[in-house]
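Hi everyone, thanks for coming. Please have a look at the structure on the screen, and then I'll walk you through a few parts of it.

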Amino acid sequence: MLSTLHHPPRSLSRFLPSKSKTRSFHTKPILSSSHPIIEQPHASSTSPPQSQILSIRHSLLSRHVTATQLAESYLTRLKLTEPQLNSFLHLSNNVLKEAQAIDEKIQRNEDVGPLAGVLVGVKDNICTVDMPSTAGSKVLENYCPPFDATAVKRVKELGGIVVGKTNLDEFGMGSTTEASAFQVTANPWDVSRVPGGSSGGSAAAVSARQCVVSLGSDTGGSVRQPASFCGVVGLKPTYGRVSRFGLMAYASSLDVIGCFGSSVADAGILLNAVSGHDRLDATSSKQEVPDFTSQFVSATLLESKPLKGLRVGIIRETLDNGVDTGVKSAILGAVSHLEELGCTLSEVSLPSFSLGLPAYYILASSESSSNLSRYDGVRYGNQVVADELNALYEDSRAKGFGSEVKMRILMGTYALSAGYYDAYYKRAQQVRTLIQKSFKAALDENDILISPAAPSAAYKIGEKKNDPLAMYAGDIMTVNVNLAGLPALVLPCGFVEGGPAGLPIGLQMIGAAFDEEKLLKVGHIFEQTLQDCRFVPPLVADGFAQ
Amino acid sequence: MASTLFRTIQTHSFMLYPTTLLRRSNGVFYCTMKSTHSQTATQEKQQIRVTPQNQQNKAKTLDKIAKDYEAIIGIETHVQLSTLTKAFCGCPYNYGSQPNTSICPICMGLPGALPVLNSKVIESAVKLGLALNCKLSLNSKFDRKQYFYPDLPKGYQISQFDIPIATGGYLDVDLPIEFGGGHRRFGITRVHMEEDAGKLLHSEDGDYSQVDLNRAGVPLLEIVSEPDMRTGVEAAEYAAELQRLVRYLGVSNGNMQEGSLRCDVNVSIRPVGQLEFGTKVEIKNLNSFSSINRAIDFEIARQALLYSQGQGDQIVQETRLWEEGAQKTITMRKKEGLSDYRYFPEPDLPEVILSAEYINSISSSLPELPEMKRQRYEKMGLSMQDVLFLANDMNVAQFFDATIAKGADVKLAANWIMGDIAAYMKNEKLSINEIKLSSEELAELIASIKSSTISGKIGKEILFELMAKGGTVKRIIEERDLVQIVDPSEIEKMVNKVLSENPKQLEQYRGGKTKLQGFFAGQVMKISKGKANPGLLNKILIEKLNAKS
């Protein structure tokens, strides 16, 4: 075993928050012992997070516990925490029934899938056949799709139980989940703060252990930023790695379905389940899917420098001005930790980095203005009765969409208009090409690139609601990765002051296209060797103080 | 189907159009433009029932006016592909099926559904692109064309904008003889792939409309011509040739009534000698080649009249609707400036990349196309009228080719097909594939007549039996003992018999009433049950009749 105390460069140590404030130790039981939870989230304050999925599988197959008991314990916690969190828009009525079916299979010694008994939260812009799928929008209130998204179908086929549909910014447009038409989700680390977005519900649900893992979607950072805010692992796969069929499109060339877990292993196992070519999505890749789970070596088997020779590039532009000092020090702490693990660290510059944000907002808005045209009230969703056709369109859309969505539709429509196309859309595509090239060059020199996942920790609900530009600026760390189509893993690496127990900070690791395997391997080792940082929010750890 | 045999363009001399214009403007005169019956396969005549003299004079004046102007005509054609499934989903499409029975989440544009391109669409586009002598884009892409309409489920149409799959080709057309004939080459600007929209069904009282999405997502090829046509006839012939082409290629049924082939025509006129184009008007609702022809000629006359009266500024850029009943075009909508479709590349579909190998394999699998067929037939020595008839319908051409491949005489085969067979098909409303006659048997029939095994008259009888009931020529000849009698002594016996049985007539004949030769010939034929070789019969008969005995 290696010593993994952070040794940030002396000159930077002043950025590090004092230890007493930044470490979170939780020892109180979260539930009475009668709840047969496999691995209590609080189980040990010092041991690294273990794969919940693997331990569930082990417990089920060794008949230590039934899927029904497991599901009940999660549902109990979900019901206790939900009034404060509001992570879910809909809950499944079939959880216990599906758990029972798994138990019966186990009873009959039949094979059960690798996700058997695993409760999965699904972002509400991903179609599910047995629950409404609203994308957090009034325009789709009570809309029930006639099909499961491919990702959901695969989760179900492998035994996963969809526990419910998680809250989001309407159609994924937002960074706080405040733009949901239905409710505001709170951050489990501090319920007065946002969980990030747009997959805020999925992140909060995993953080608060309302479910084991969850699916989100990431167009400009919507998996990674909430993972950072909520102290969970968020994985944005390579564009095309996971089928988008059944994901309600926001910006088709950027959208990917991503995975949340409380450990790198869980995110990786979920990615294994949902990855691979789908004939229903022409942009899904035929690239072979390796077994990501083979990466997850137990910490006790690691050598002293398990990442020896791994070239890690720190993206210089991501530690510039505009990044909170607390975030900087947490990242620099992570840098030292990576050095301890044997990595070779160097700074890389991505000169086009700052262009990513405007390019992203032009492209994403342009595509969304087109993708959201179908919500016209004619075939499905809310229709406002009108005397003539244009009024039907106008009223249905005016009443159906929230202001953030309307703003992006307007921006996108403008950018695509005759006479403006070249100045906006086309220019942004050129920037995109530049960004792709600069990432390619940086990843030729480095195995992975690192940066903060967000320039700050979770902020207060309402803080940026009326300042969209400030909110958009928060996406600076993540949008470039979508423009380049690369995979990225965010995992908690430290804390800053704030809330009752500090606020988690996420480290973003960016890999070459279709090299999720490497990210998961590095992430897993990083996580398993990170000492004294346990990312269990007080809401869970304190046993749901009412 | 039978109607497809006949060239569907109806003949109208240009002079007539001003008369319809007059009818429209003062409503007093009446003339019918309707084509009534067809004489032969390629000739259709229209009749004017009432044409008052003064109207004819006015028509002549207008005709003169129109002669001072030149029309510029371009056509946009939408061809619906007859692929088994739609362009981007697995739904089949059958014209006329119950509304909304052939739809799925993808063609309904449900949230989360994605398009996946049917590779047959590319194949069809490449086929047509090659057949139209176009340059193919090795890298093309799809774009979204955005507008709101209830028949457009996604709020955008998947189409191709700045990089169509094929550009810069041409189409060769042979004009029918009755229009003066002649060869024309019309430029093709581009061919691109796109999807069709659904249909709106309006309630009778206009209170509500319903959406039928069966057609939504059906693949189309849009073919844009250069503005190379100058008359309605040329435009209609262009469209007819395009129809032949898609049918020959098997990419579409090309049926205009079902909307599988839809033509929108752009017409402008300019004074002869002027270089700039005039203001163009788009005409829609053209459901047949003849309506293309008539609508254009009407529109040319309308514009020419306005010009000549100094009201050229009343010709505005607009979409006009052809009204078949009234035989005129009316304003449908004025162009609201340039509509902005906000095209951008379709992010849900990868680029369309064609390899040289793929193009070559399609190219080598192309059938003989109408133009090549016509050239070949012409070289065989057939008249242009025959050529145009035979090459018009691919199945007829194949039947003809198969018949002559069996050794049948080219001209005889053409005559049989264009004559009795075509007439039968028309009467029975059958296509050439539906009649029971096979090309083998037609060849056999022609050979039997040529070898004098049967007479032409009997051949005709056998033909009708073959068309209606099938069977083989040999069997019918055998069963009915129809072999022609070519033995002179046998015929002589019959002649002798007839002469001896009709002494009175013989006397009259020899008394100078030589017309009676026909009577005797008929009698001999009757005894022979029609089997006597007519040549021999006449020869022997004349010898006997004139013999001084």
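**Where chain B meets chain A**

Let me start with the salt bridge count between chain B and chain A, which is one. Please keep in mind that this is a predicted model. The partners in that salt bridge are the side chains of Asp348(B) and Arg244(A), at 3.0 Å from N to O. As for secondary structure, the elements that supply two or more residues to chain B's side of the contact are strand 6 (143-146) and strand 17 (344-345) of chain B. Sorted by class, that side has 23 nonpolar, four polar and five charged residues.

Polar contacts across this interface come to 15 residue pairs, both residues being at pLDDT 80 or more. In total, 32 residues of chain B touch 39 residues of chain A.

How much area do the two chains bury between them? The figure is about 2700 Å², with 61% of it on carbon and sulfur atoms. On the chain B side, Pro111(B), Leu114(B) and Phe148(B) lose the most area to chain A, together 23% of what that side buries.

Now to a helix pair within chain B. Two packed helices are described by the angle between their axes and the distance between those axes. Here, helix 9 (residues 394-405) and helix 10 (residues 410-428) of chain B pack at about 145 degrees, with axes 10 Å apart. The crossing of helix 9 of chain B with helix 10 of chain B is right-handed. From helix 9 of chain B, the contact uses Val396(B), Phe399(B), Phe400(B), Thr403(B) and Ile404(B), and these meet Val410(B), Ala413(B), Ala414(B) and Ile417(B) in helix 10 of chain B. By class, that contact has eight nonpolar residues, one polar and no charged.

Back to salt bridges for a moment: over all chains the count is 54. One of them joins the side chains of Lys156(A) and Asp130(A), at 3.5 Å from N to O. Lys156(A) sits in helix 5 (residues 150-157) of chain A and Asp130(A) in the loop between strand 2 (119-123) and that helix, so the pair ties together parts that are 26 residues apart in sequence.

Finally, some backbone details for you to look at. Most residues other than glycine have a negative phi, and most peptide bonds are trans. Ala135(A), in the loop between strand 2 and helix 5 of chain A, has a positive phi near 55 degrees. Gly197(A) and Ser198(A) are joined by a cis peptide bond, with omega about 10 degrees. Ser198(A) belongs to the loop between strand 3 (161-166) and helix 6 (200-207) of chain A.

How values were computed. Residues are numbered from 1 along each chain as its sequence is written. Chains are lettered from A and ligands numbered from 1 in the order in which they are written. This is a predicted model: local features need pLDDT of at least 70, side-chain atom pairs count only at pLDDT 80 or more; totals for chains, interfaces and linings use all residues. Side-chain values use heavy atoms; hydrogens and water are left out. Contact means heavy atoms within 4.5 Å. Buried area is the accessible area (1.4 Å probe) that two parts lose on being put together, summed over both. A salt bridge is a side-chain nitrogen of Lys or Arg within 4 Å of a carboxyl oxygen of Asp or Glu. A polar contact is a pair of N or O atoms within 3.5 Å; within protein, one must be able to donate a hydrogen and the other to accept it, and residues adjacent in sequence count only if both atoms are side-chain atoms. Helices (H or I, at least four residues) and strands (E, at least two) are DSSP runs, numbered from the N terminus. Ala, Val, Leu, Ile, Met, Phe, Trp, Tyr, Cys and Pro count as nonpolar, Asp, Glu, Lys and Arg as charged, and the others, Gly among them, as polar. Axes are lines fitted to C-alpha atoms, for helices over the stretch in contact, and angles run from 0 to 180 degrees between N-to-C directions. A crossing is left-handed if the near helix is turned anticlockwise from the far one by less than a right angle, and right-handed if clockwise.
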